[in-house]
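Work through these exercises with the structure open beside you. Try each task before you read its solution.

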Amino acid sequence: MVLETVKFIKRVFGNPIVRATVKYLSNKKVEDKSLLYHALSIYSGEEAPRKFTPYLSSLLLSFIIDFSAHILDVKSESTRKFFKERGVRRGIETILRSIGKYGITTPQILDAPFLVVWNFTNACNLKCKHCYQRAEKPLPNELSLEEKFKVLDQLEEAGVAAIAFSGGEPLIHQDFWPVVERAVRKNFYVAVATNGTLITERVAEKLKTKGVNYVEISIDSADPEKHDMFRGVKGSWRSAVRGIRNCVKRGLFTGIATTVTKYNYLEAKKIIGLARRLGVSRLIFFNFIPVGRGEKIVEMDLTPTEREAFLNMLYEELKVGDIEILSTAPQYARVVLEKSGGTMMSPTHFYAGPSISGLSDLANFIGGCGAGRIYCALQPDGTITPCVFIPQLPLGNIREKSFSEIWENTPILKAFRSKDILQANCGKCPYRYICGGCRARALSYYGYILAPDPGCIRNIKYWRTMVKAKKPSKSSLKSKVKRYHAK
């Protein structure tokens, strides 16, 4: 059972002796890297034990990991293979380092996010109706190439495991390739979220040779005309599908991203069928949030009843097992857990990581909606926000403060990292640690990040009240956001 596995992990790494060992390995450095980094690298076989101290550290860590794997009836060879993936290894390092620092918490507090979604530029060649970024032209104050290199240094120092380059359209910008090259050299797990229209055979080959791990291309309908209407440019579906085929042909780990609205949710099975025919490895359905241009199509958001039926359908397709089918709706974790009888879990935040089932077992441990906890966004001008769908809450600018300082010392982030202080049903729900509701949706509709997620079937009364009033009730809640900023 997934939950039993998580409980065991908590019991092992919550042990005072184990925690003290991990804390020591995290703080002690050799050759500018922590002993924990060296120990994980030696354990996976990616590093030769050249010095005695890192080798001894690897023996200690190997004993802990192999003992845990034995109890869980997992072969050590499988565990070592799991750790060979550099993004996984850095993510595990972050978890262990955070346990050493904070102890076991529910959900786990991390001293660095697993993933940073970097909106690389505001420039874009499409005009999507739902664009959270209102992307069109570059911002006048976007980061320079030198500043972008410094960003990579800061993210590496903080311990971030993965970077997903998004936008706008990242492939448009002249700085994209040199920054990707440096990110790969620094051993980040590198993902690219793109509309796919610029991925020719040559570009796909370049993505492959430069070391990009994952390419995610947006498709919002199986019907070319419908997709083009939603994306605002004729011919964009054909170009995106060509881009997908080119990536699959080059052997890139390729996924399709679909934003779910009333425009397309009834054709989801057709989109899944298209994904299977194109040979992609992953299909992720994004929760529509009415921000950016999306504010103009707020009426296209799904009702809680529609969303619940949609997520149940996704689970049935997920069970087929030939393709990863994910959703950023945090309620999907509950649906999968309930429908599978506790044997399955699914990550429900932005997920750009590798296709390894062991990561999804950590979903309960890391706790549903990941905004401001396990993931954050970096804007083209250096501003950090908790999520790409939460531009209303800038946390600081990397030009003025270090990334680690922003992540660790911004008071409002405390509100994203506790599920017990959520209001109404979200705070009392037995699934709050694996879901917790979408904080971006709560903020968009109520102006308050701790408000209930009105998109959940368990909060349907709030949705009905809101619909009856014909607008969200924000006035009484706006002051609460200011209060969290002031703390």
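**Exercise 1.** Which residue forms a salt bridge with Lys-319, and how far apart are the closest N and O atoms?

*Solution.* Start with the ground rules. This is a predicted model, where local features need pLDDT of at least 70, side-chain atom pairs count only at pLDDT 80 or more, and totals for chains, interfaces and linings use all residues. Residues are numbered from 1 along each chain as its sequence is written, and side-chain values use heavy atoms, with hydrogens and water left out.

Step 1: apply the cut-off. A salt bridge is a side-chain nitrogen of Lys or Arg within 4 Å of a carboxyl oxygen of Asp or Glu.
Step 2: find the partner. Lys-319 pairs with Glu-316, and their closest N and O atoms are 3.2 Å apart.
Step 3: check accessibility. Buried means under 20% relative accessible area, exposed over 50%, and partly exposed in between (1.4 Å probe, protein chains only). Lys-319 is partly exposed at 46%. Glu-316 is also partly exposed, at 36%.

**Exercise 2.** Are Asp-301 and Arg-307 buried or exposed?

*Solution.* Step 1: confirm the pair. Asp-301 and Arg-307 form a salt bridge, 3.0 Å from N to O.
Step 1: read the areas. Asp-301 has a relative accessible area of 1%, so Asp-301 is buried. Arg-307 has 4%, so Arg-307 is buried too.

**Exercise 3.** Locate the two partners of the salt bridge between Glu-201 and Arg-250.

*Solution.* Step 1: take the distance. The closest N and O atoms are 3.6 Å apart.
Step 1: place each residue. Glu-201 is in helix α9 (residues 201-210), while Arg-250 is in the loop between α11 (236-249) and β7 (253-260). Helices (H or I, at least four residues) and strands (E, at least two) are DSSP runs, numbered from the N terminus.
Step 2: take the separation. The partners are 49 residues apart, so the pair links distant parts of the chain.
Step 3: widen the view. The whole structure has 30 salt bridges. Lys-33, Asp-153, Glu-156 and Lys-186 are linked in a network of them.

**Exercise 4.** How many disulfides does a search of the whole structure find?

*Solution.* Step 1: set the limit. A disulfide is a pair of cysteine sulfur atoms within 2.5 Å.
Step 1: count. The search finds 0.
Step 2: Cys-387 is buried, at 6%.
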